[in-house]
Structures are given as C-alpha cells and as structure tokens.
Amino acid sequence: MMKGVPYLVTVALLALASTLAFADDPSPLQDFCVAINKTEVFVNGKFCKDPKLTTANDFFFSGLDKPGNTENKLGFNVNLVNVDKILGLNTLGISLARLDFAPYGLNPPHTHPRATEILVVLEGTLYVGFVTSNTDNRLFTKILNKGDVFVFPVGLIHFQFNVGHTNAVAFSGLSSQNPGLITIADAVFGANPPINPDVLAKAFQLDKTVVNYLEKIF
Ligand SMILES: *[C@@H]1O[C@H](CO)[C@@H](O)[C@H](O)[C@H]1NC(C)=O
C-alpha cells in the first residue's frame with residue numbers, strides 16, 4: 001500500500017525529466033558531430049562526418065562584420081549562422097544571427113519554434129517585445145540601447161523595431177542549431193496555396209475584401 005505513492009512520484013519525475021530532455025535540441029553523445037552537408041537521407045539533425053576528416057573550418061564562419069542589405073519593405077535584414085552555415089553546430093543546440101535595421105526598420109512579429117533568443121544591441125535603439133501564450137496574452141516590451149540585452153522565450157511571438165533615425169545593429173544567440181522561423185503575417189496571409197479567405201475572415205474578424213487584399217500583398 002505504502003509503496004504506491006513513491007512509485008507514482010518517481011514515474012511523474014521521470015516523465016517530467018524526459019519532457020525537459022526533449023524540450024531542446026538533442027544532446028551530443030560525443031565531442032562533436034560535424035554535419036555532412038550533402039545527403040539525400042534525413043535524420044533528426046544531420047549525419048556526422050568522420051571525426052578524423054574534421055578540420056577547424058567545420059567550426060568557423062566569417063563575414064558577420066558586414067551589414068546586411070536592408071533595402072526592402074521592412075528595412076530589415078537577418079544573417080542567421082545556423083548548422084547549414086557552420087556544419088560543426090550539429091547537435092550542439094546553439095546558433096547566432098546578425099540583425100540589421102534601417103531607420104524605422106522592423107523585424108516583424110515572428111516565432112522560433114525550437115529556440116529561445118538572447119539579443120544584444122550594438123548600435124541604435126530598438127523597441128522590442130514578446131507576447132505570452134493565450135493564458136493571458138501579456139505583452140512584455142522594452143526600449144533597448146547600445147549594450148542592452150533582452151531575452152525572447154522559446155516559441156513566443158516577438159518583434160524588434162528600430163525607433164531611432166539611424167541604423168541599428170544587434171546580434172542574437174539562439175538555443176538551437178536550427179531555430180526555425182515563422183513570420184506571422186507571411187505564414188497566415190502568405191500561405192502557399194492560400195488559406196481559404198473564409199477561414200481568415202472569421203479568425204481575424206475581417207471583411208473578406210481585406211483578407212483578399214492581405215493574401216495578395218503577402
Ligand atoms: C552546404 O550546402 C549548401 C548547398 O549546397 C551551400 O549553400 C552551403 O554553403 C554549404 N554549407 C557549408 C558550410 O559548406
């Protein structure tokens with residue numbers, strides 16, 4: 001009779017532990033697993049190159065000193081250095097991005113399904129924020145200046161807006177070799193093929209002509 005309770009607690013703790021273990025990228029089971037760049041076969045992650053053939057260049061990337069081209073309708077550019085750019089990142093659960101903003105440039109509301117993001121501002125002034133899940137859809141925002149750091153928790157919708165009249169530059173660390181990116185407007189109004197306008201009209205409480213317009217411009 002008494003044995004039942006500790007047993008249940010153990011099972012619950014094990015279940016929790018396994019949930020936590022799978023919340024991020026799988027842990028490496030060896031020093032490294034440098035990815036093979038070209039393969040027709042896919043696993044959860046990438047195949048490892050023969051460690052004997054691995055070189056320092058498998059852990060190297062150059063060029064983040066260069067500004068990205070922000071001449072687009074958002075005035076924004078991101079250069080993400082993930083496992084596709086540094087093959088040695090495979091299984092290590094981390095990546096890096098350079099973000100460039102023209103004056104009033106915007107990184108629009110988006111989420112990274114697999115990564116928490118930690119951002120540091122190097123130049124300029126950013127208005128940043130994220131929204132919690134539907135429990136309360138609470139908005140957390142901050143104005144960031146040079147040297148300021150902000151965290152965007154995994155999966156939550158967030159944005160960064162250059163509110164200064166000069167360029168802004170930021171770098172982000174992301175807790176996945178392949179964080180993923182879902183830009184809300186693109187995914188919803190720019191789906192391919194398009195989502196039935198009746199669905200979007202009802203979901204967003206919009207007139208169908210507005211939905212048709214949005215589906216055209218995204
Ligand atoms: C991997 O392959 C892709 C496509 O062929 C290429 O664009 C990319 O630069 C390669 N990455 C590395 C690190 O060699």
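I began at His110, where a polar atom of the side chain lies 2.7 Å from the backbone oxygen of Pro108. I counted such a pair as a polar contact, that is, a pair of N or O atoms within 3.5 Å, where within protein one must be able to donate a hydrogen and the other to accept it, and residues adjacent in sequence count only if both atoms are side-chain atoms. Before going further I noted that this is a predicted model, in which local features need pLDDT of at least 70 and side-chain atom pairs count only at pLDDT 80 or more, while totals for chains, interfaces and linings use all residues. Residues are numbered from 1 along each chain as its sequence is written, and side-chain values use heavy atoms, with hydrogens and water left out.

**His110, continued**

The side chain of His110 also makes a polar contact with the side chain of His112, at 3.4 Å. I placed His110 in strand β3, residues 106-111; helices (H or I, at least four residues) and strands (E, at least two) are DSSP runs, numbered from the N terminus. Is His110 buried or exposed? His110 is buried, with a relative accessible area of 2%, where buried means under 20% relative accessible area, exposed over 50%, and partly exposed in between, with a 1.4 Å probe and protein chains only. Leaving out residues up to four places away in sequence, I listed what His110 touches: Glu117, Leu156, Ile157, His158, Gln160, Leu181, Ile182, Thr183 and Ile184. Contact here means heavy atoms within 4.5 Å.

**Whole chain**

I then stepped back to the protein chain, which has 4 helices and 10 strands, and which reads along the sequence as α-β-β-β-β-β-β-β-β-β-β-α-α-α. Of its 218 residues, 33% are buried. Among contacts between residues at least 6 apart in sequence, 69% join residues at least 24 apart. For the accessible surface I noted about 13,800 Å², of which 64% belongs to carbon and sulfur atoms; accessible areas come from the Shrake-Rupley method with a 1.4 Å probe, and for residues only the protein chains shown count as cover.

**The five-stranded sheet**

I looked up an open sheet of 5 strands and found the order β1-β2-β9-β4-β7, with antiparallel pairing. Which strands stand at the edges? They are β1 (76-81) and β7 (149-152), each with a single partner strand, so one side of each is left without a neighbour in the sheet. Neighbouring strands of this sheet are turned by 20° against each other on average, direction ignored; axes are lines fitted to C-alpha atoms, for helices over the stretch in contact, and angles run from 0 to 180 degrees between N-to-C directions.

On β9 (residues 168-174), β2 pairs antiparallel over 7 bridges, and Ser95 stands opposite Leu174 in β9. Two strands pair if DSSP finds at least two bridges between them. Of the 7 residues of β2, 6 are buried, so this strand is largely enclosed by the rest of the structure.

**Lys142**

Lys142 lies in strand β6 and, at 46% relative accessibility, counts as partly exposed. With residues up to four places away in sequence not counted, Lys142 touches Leu126, Tyr127, Val128 and Phe150. I also noted that Lys142 and Phe130 are 12 residues apart in sequence and 9.6 Å apart in space, C-alpha to C-alpha.

**Backbone entries in the loops**

The peptide bond from Asn192 to Pro193 is cis, with omega near 0°, and Pro193 lies in the loop between α2 (184-189) and α3 (197-204). Asn137 has a positive phi of about 45° although it is not a glycine; I located Asn137 in the loop between β5 (126-131) and β6 (139-144), where it counts as partly exposed at 42% relative accessibility. Gln205, likewise not a glycine, has a positive phi of about 55°. I found Gln205 in the loop between α3 and α4 (208-217), and at 67% relative accessibility Gln205 counts as exposed.

**The ligand**

Which residues surround the ligand? I listed Asn37, Lys38, Asp84, Lys85 and Leu87, where a residue is near a molecule if one of its heavy atoms lies within 4 Å of it. A polar side-chain atom of Asn37 lies 2.3 Å from an oxygen atom of the ligand, and a backbone N or O atom of Asp84 lies 3.1 Å from a nitrogen atom of the ligand. Taken alone the ligand exposes 360 Å², and the protein buries 38% of that.
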